[in-house]
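I am keeping these notes as I go through the structure shown below. I look up one thing at a time and write down what I find.

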Amino acid sequence: MINIPATFRISLRALRANKMRSGLTMLGIIIGVGAVIVMLAVGSGASRRISQQIASMGSNLIIVMPGSSTAGGLRMGAGTQSTLTLGDAEAVARECTAVADVAPMHNGAAQIVYGNQNWATGIEGSGPGILNVRDWTLAAGRPFTDQDVRSATKVCLLGRTAADNLFGSADPLGQIIRIKKIPFVVIGVLAPKGQSMMGQDQDDTVIVPITTAQRKIFGTRLPGMVRHIVVKARSADEMAEAEAQITELLRERHRLTPREENDFTVRNLTQIMQAAEQSTRIMALLLAAIASVSLLVGGIGIMNIMLVSVTERTREIGIRMAVGAKTWDIRLQFIIEALTLSLIGGVIGIVLGVTGAKLLSVLAGWSTVISVLSVLLAFGFSGLVGLFFGFYPAYKASQLNPIDALHYE
Amino acid sequence: MALIETDRLSKIYPVGETSVRALDEVSVTVQPGEFVAIMGPSGSGKSTFMNVIGCLDEPTGGGYRLEGVDIGRRDRDALAEIRNRKIGFVFQGFNLLPRTSALENVELPMLYNGIGPKERRRQAREALKMLGLEGREKHHPNQLSGGQQQRVAIARALVNQAPLILADEPTGNLDTKTSVEIMELFVKLNRDAGRTILLVTHEPDIAAFSGRIIRFLDGRVISDEPVRH
């Protein structure tokens, strides 16, 4: 029968007897645990930020770009040829079963004016589907309709940044703003989304019916052409299906023979974003792995000091054996000592790591996320380190010959 | 029933190609309540004999029965348990734990046999009181004189009610006056409390306190006779 409370007291006393040494040994664990926590917090902060940005772009997005044009042997890159029409967008919406919604796009930049305020912003011409595709919600007002698109009415939806810059705290609904001197009625205000992955302010925008953008704001040499089409698939599982359906449909509509290349490109935007998210996550894991090396080094420090401790206390071990301490009494004494070192170090490391992560987000503005799991993981890992590196010295102590130990000088 | 009974007990250490017979077929019987002194020059085998009797070392041949129980080949933990319950050790160098109070030093054997903390404390206090160390419970070994330290060690040897006390040169580090005090303590323990005591010494004056002297030479018993007081 092993007397745990008494063994625990013995271990604590031994640690107190060498405060400096115990403290320095603990420091290794403190730094290791602290580093692991900070790195995990920074890493998961970064990947959460990216997921938020992905979510703010709209989910399950596919982007269809026109093909490239060739002039004098020079291929001009994607989007230089106008091959996509409003009809294509409508056909995709109508015929592709894996598609939830479609937004043809014609965008540009323009100066917008209200009263004595003016502001340069992005103008996005699109259909009513844009709100659903991009996961926009309206903070106030109503969306525009198919009717608005058909008759190219002069109505607009304001992003939060654009609205704030023109109206301040006043209510923009029903007011008339001018885009390139043309009056538009503000029929809705979009709920804020924040920055995109590329650092753009997604709220600095004005959405108008695509026909209005084409005919009245920007004009176009090719009526009915769109810059690109953004498509939302029904679900993440149907992305590939949607891509295939769109490709097939557009090839048919553009009358491409099997030998001709596509005159458009279909890209899975979500996939690209997810790749970015995954690489961030891998980066975070890498950081944590590097930090855990320092935890390992801390563990070796514990083993080192425990070996010294066993040697120093050989005589004590001999005395304990003489009065009846069994193998596991001795082992536990040293294992508990190592565990105490590593767990106290772990707790201090957690406190420092959490504080450090908070400081980073407050002072440096990094987004950090401290999950309960990462704290438990770091604590558990430090305990394992103590157990692992404490066992060999404890084993060594328990295998001493009592006579030799008693006469050790 | 004899307390200690050895039957041609041998301990042979291999040294290079030859071997040293530290114990050469030693047969000794000690009855409960005896006070035996073991004498002999260094290297005579008396320490090896004590280590084997104290279950700190295992013989290479022969038999050893303690309270009628055969202490043959046993594993470490079984020997530890026998030491804990049957034997109290008193050493020349006191062998108290440093930075540990007298009370806790006396409690030590009870840490390893499942006696509750309150009972442990009570018995340790009682043992210290019996040895005249009342009021010194909180003192650490370095705050006690040699004689006091040895009395703490004796209290530790007594506290488990072990039938056998093994004292290895218990007065070796003490001055003459203190040595006499300690020896009188042993005599009292033997006479009044009925403890069996095995004492290793090379001083005839100290051996004279006992009731029987066994002399060792070259691993053999050369004489075994009662002391005439």
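Predicted model: local features only at pLDDT ≥ 70, side-chain atom pairs only at ≥ 80, totals over all residues.

**Entry 1**

I began with chain A, for which I counted 13 helices and twelve strands. Its C-alpha trace spans about 105 × 60 × 40 Å along the principal axes. I then looked up the radius of gyration, which for chain A is 33 Å, whereas a compact globule of 409 residues would have a value near 22 Å. Buried residues make up 44% of the 409 residues in chain A, and of the contacts between residues at least 6 apart in sequence, 81% join residues at least 24 apart.

For chain B I found seven helices and eleven strands. Here the radius of gyration is 18 Å, close to the 17 Å that the globule rule gives for 229 residues, so chain B is as compact as a globular protein of that length. The C-alpha trace of chain B spans about 55 × 40 × 40 Å along its principal axes. Of its 229 residues, 46% count as buried, and residues 24 or more positions apart account for 69% of the contacts in chain B with a separation of 6 or more.

**Entry 2: where the chains touch**

How many residues does each chain bring to the contact? I found 20 residues from chain B and 17 residues from chain A. On the side of chain B that touches chain A, the elements that give two or more residues are α2 (76-86) and α3 (102-111) of chain B. The largest share of this side, six residues, comes from α2(B). Sorted by class, the residues on the side of chain B that touches chain A are eight nonpolar, five polar and seven charged.

**Entry 3: two residues of chain B**

I looked up E81(B), which has its place in helix α2 of chain B. Is E81(B) buried, exposed or partly exposed? With 16 other C-beta atoms within 10 Å, E81(B) is partly exposed, because a residue counts as buried with 20 or more such atoms and as exposed with 12 or fewer. I also checked the C-alpha atoms of E81(B) and F91(B), which are ten residues apart along the chain and are separated by 19 Å.

L97(B) sits in the loop between β7 (87-90) and α3 of chain B, and with 19 other C-beta atoms within 10 Å it is partly exposed. Which residues does L97(B) touch, if those up to four places away in sequence are not counted? I found E316(A), I319(A) and N105(B). The C-alpha atoms of L97(B) and P141(B) are separated by 7.6 Å, although these residues are 44 residues apart along the chain.

**Entry 4: α3 against α5 in chain B**

Two packed helices are described by the angle between their axes and the distance between the axes. The axes of α3(B) and helix α5 (residues 146-158) of chain B come within 7 Å and cross at roughly 30°. Angles under 35 degrees count as roughly parallel, so α3(B) is roughly parallel to α5(B). The crossing of α3(B) past α5(B) is right-handed. On the α3(B) side I listed A102(B), N105(B), V106(B), L108(B) and P109(B), and on the α5(B) side V152(B), A155(B) and R156(B). By class, this contact of α3(B) with α5(B) has six nonpolar, one polar and one charged residues.

**Entry 5: α5 against α6 in chain B**

I followed α5(B) to its packing with helix α6 (residues 176-192) of chain B, where the angle is about 20° and the axes are 10 Å apart. That makes α5(B) roughly parallel to α6(B), and α5(B) passes α6(B) in a right-handed crossing. In α5(B), the residues G146(B), G147(B), Q150(B) and I154(B) meet T178(B), E181(B), I182(B) and L185(B) of α6(B). The residues of the contact of α5(B) with α6(B) divide into three nonpolar, four polar and one charged.

**Entry 6: a helix of chain A**

Last, I turned to helix α7 (residues 210-218) of chain A, in which I210(A), T211(A), T212(A), A213(A) and Q214(A) are buried. What covers these buried residues of α7(A) includes β4 (99-114), β5 (117-126), α5 (146-150) and β10 (205-209) of chain A. After α7(A) comes G219(A), whose phi is positive, near 70°.

Note on methods: Residues numbered from 1 in each chain as written. Chains lettered and ligands numbered in written order. Contact = placed C-beta atoms within 7 Å. Helix = DSSP H or I, 4+ residues; strand = E, 2+ residues; numbered from the N terminus. Nonpolar A, V, L, I, M, F, W, Y, C, P; charged D, E, K, R; others polar. Axes fitted to C-alpha atoms, helices over the stretch in contact; angles between N-to-C directions. Parallel < 35°, antiparallel > 145°, perpendicular 65-115°, else oblique. Left-handed = near helix turned anticlockwise from the far one by under 90°. Rg over C-alpha atoms; globule rule 2.2 N^0.38 Å.
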